[in-house]
Structures are given as C-alpha cells and as structure tokens.
Amino acid sequence: MIVDAHTHTPRFKGEIPPEEIQHSTVWRPDRAVKTPVNWAEYVAAMEPVDRAIVFGIARKGEESPNDATAAFVRAYPEKLIGFLSIHPLDPHCMEEMERCVSDLGLQGLKLGPNYQNFDPLGDAAFRVYGRAEELGLPIVFHTGTSPVQMADLDYAHPRHFDRVAIAFPELRMVLAHMAHPWQTATIAVIRKHPNVYADISALFYRPWSFYNCMLLAQEWGVLHKLLFGTDYLVSTPQENLDALRNPNRIVGGTNLPRISEAAMEEIIHRDTLGLLGIAG
Ligand SMILES: [Zn+2]
C-alpha cells in the first residue's frame, strides 16, 4: 500500500473562479505550481497512491479549515484520512481538537509553527502536544524553510522537536520535508526518537539536495524513518515516485556512493498508517 503522508485540502469543491487561478513560481525551482485546486483535480493527482493524509492549516482569527477537510474526507472515505489543525494560541483550541476527533472523525494534527507564528517549545504548544499524546493523535509539523517572508525560520527548525520528543515520548511526530535544507539536523532527531519520523515531500526537485539527504539518511541508518509524501499541490505522487525510483540519476558515471534502490522502494510502501497509529 502506498500512503501519501502530506497533502493539503483543496480550497474548492467544484469549479474554480478563473480570477482565483494563479501559477506561482515561489514554491519550487523547476516549474510553476497552479493554485488553488479543486476536489476532482486532487483526486486525479492522487491516483497513484492508495491512501492520502489531508489537512488544512489553522490561522488565528480565520475560519477553521477542519470542517472543509472533514467534508472532503466524507466524500472519498476509501482514499482520504483527515487531520485537523488548530492554533495553539487560540483560547478555544483544546475544545476544537476534541470536536474534530469526536464529531468529525479526524485522526491526526497538522501544525506549522512558522506559518502560525507560535513557539513550538512554548506552554500553549506543549498543552496541545500533551493532549495529542493522550488521544493518540500523530502530529505533522511543517519544518524547514519556506518562501513566506514573515514565517519565522527558527520556529521551523527541526532541533526543537528533540525537546518535544523528550517531553512526550509516546507522541508520534512527522517532520515535514525533512526540514529542508536542515536535513542533517532532522536526521539527528529522528535517529534518536522511535516515534519521530520525517516525510520526503517537496524534496526531489532540488536534485543535489535530494541525493545528499537520501545518502546521509542511508549512512546514518534512518531510511526506515522516512515516509512517502508529496505536499500536494506543490508536487504530485507521480513526480515523487519517479524520483524515488531513480535516486542515482545525477551520479551516473561517477564514483560517488549509490543510494539503495530497494530502500527507496521501502519508503514508497512504508506502513505509514501503522507507524502513526492510525486505524486504516
Ligand atoms: Zn505542506
């Protein structure tokens, strides 16, 4: 089974007003990303995977993304697994977390400390992590840089999640994008904590970085902690599958070390739902 551990809830169910459509060049260096997408476009792109974890990101003072995620999951229950998002500094966030689990059936949590502008080691965040650990909800964190100017880089550094994992050893966490370009720091964190993983989404289109982080993960013995993911709509499953199935493309004709193709296939077929404690 192939699970995409990182996708974003489409903003539109049906037709997208033409004035909303943009082709953004800030997200990746090799092609523009069309935003937004609708349900049909999302489902077509997800054709190569069996299951996909989908979420929005809560913004303080804005409408919660959770009902939209739940409605999308209800439409494609065989395919989709919905995660909730809350803002840890929102006074009602703990009630919203309970509602999302008990009423909406959402099965994990998405947080982006840099995008949401909260301290991932602050008291408010720790309250959320504690309840997530009790409820058995895994958390996908945005980690790593982003082109968003006012998104605090330090809040997205993977080293912080070492301290989170020490405080909450049963909490299952995914550090998105291997925290690019701090993949080495991510390796240091996932290596020591059994319940901390990283996803490989949105990495392949920087070929030298991708080769290097996969090779480092191999040398440090953490390839088994990497989960398949796309960050759709930033990249598609097919693009990521193609890259993982040709990991040594850029080092052909050299003596540089090779990445195990079998290990890449294992990432593709990782039992992500089992590892994150999600009932299929
Ligand atoms: Zn993402």
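**Packing, pairing and metal donors**

Student: What covers the buried residues of helix H2?
Tutor: Buried means under 20% relative accessible area, exposed over 50%, partly exposed in between (1.4 Å probe, protein chains only). Contact means heavy atoms within 4.5 Å. Helices (H or I, at least four residues) and strands (E, at least two) are DSSP runs, numbered from the N terminus. The cover of H2 includes helix H1 (39-45), strand S4 (51-55), strand S5 (80-82) and helix H3 (93-102).

Student: What kind of model is this, and which pLDDT do local features need?
Tutor: Residues are numbered from 1 along each chain as its sequence is written, and side-chain values use heavy atoms, without hydrogens or water. The model is predicted: totals for chains, interfaces and linings use all residues, side-chain atom pairs count only at pLDDT 80 or more, and local features need pLDDT of at least 70.

Student: Within what arc do the buried residues of H2 fall?
Tutor: The buried residues of H2 (66-75) are Asn-66, Thr-69, Ala-70, Phe-72 and Val-73. They line one face of the helix, because, seen down the axis, they fall within a limited arc. Taken from the directions from the helix axis to the C-beta atoms, that arc is 160°.

Student: Which strands stand at the edges of the open sheet?
Tutor: Five strands run in the order S6-S7-S8-S9-S10, with parallel pairing. Two strands pair if DSSP finds at least two bridges between them. Each edge strand has a single partner, so one side of each is left without a neighbour in the sheet. The edges are S6 (109-111) and S10 (226-227).

Student: In S8, which residue is the bridge partner of Val-140?
Tutor: S7 (residues 139-141) and S8 (residues 173-175) pair in the parallel sense over three bridges. The partner of Val-140 is Val-174.

Student: Which residues coordinate the zinc ion?
Tutor: Donors are N, O and S atoms within 2.8 Å of the metal (3.2 Å for Na, K and Ca); water is not among the atoms, so sites may look incomplete. Along the chain the spacing is H-x1-H-x222-D. At 2.0 to 2.1 Å, the zinc ion is held by His-6 (NE2), His-8 (NE2) and Asp-231 (OD).

Student: Is His-6 buried or exposed?
Tutor: His-8, at 24% relative accessibility, counts as partly exposed. His-6 has 1%, so His-6 counts as buried.

Student: How many disulfides are there in the whole structure?
Tutor: A disulfide is a pair of cysteine sulfur atoms within 2.5 Å. The sulfur of Cys-100 lies 11 Å from the closest cysteine sulfur, in Cys-93, too far for a bond. The search finds a total of zero.
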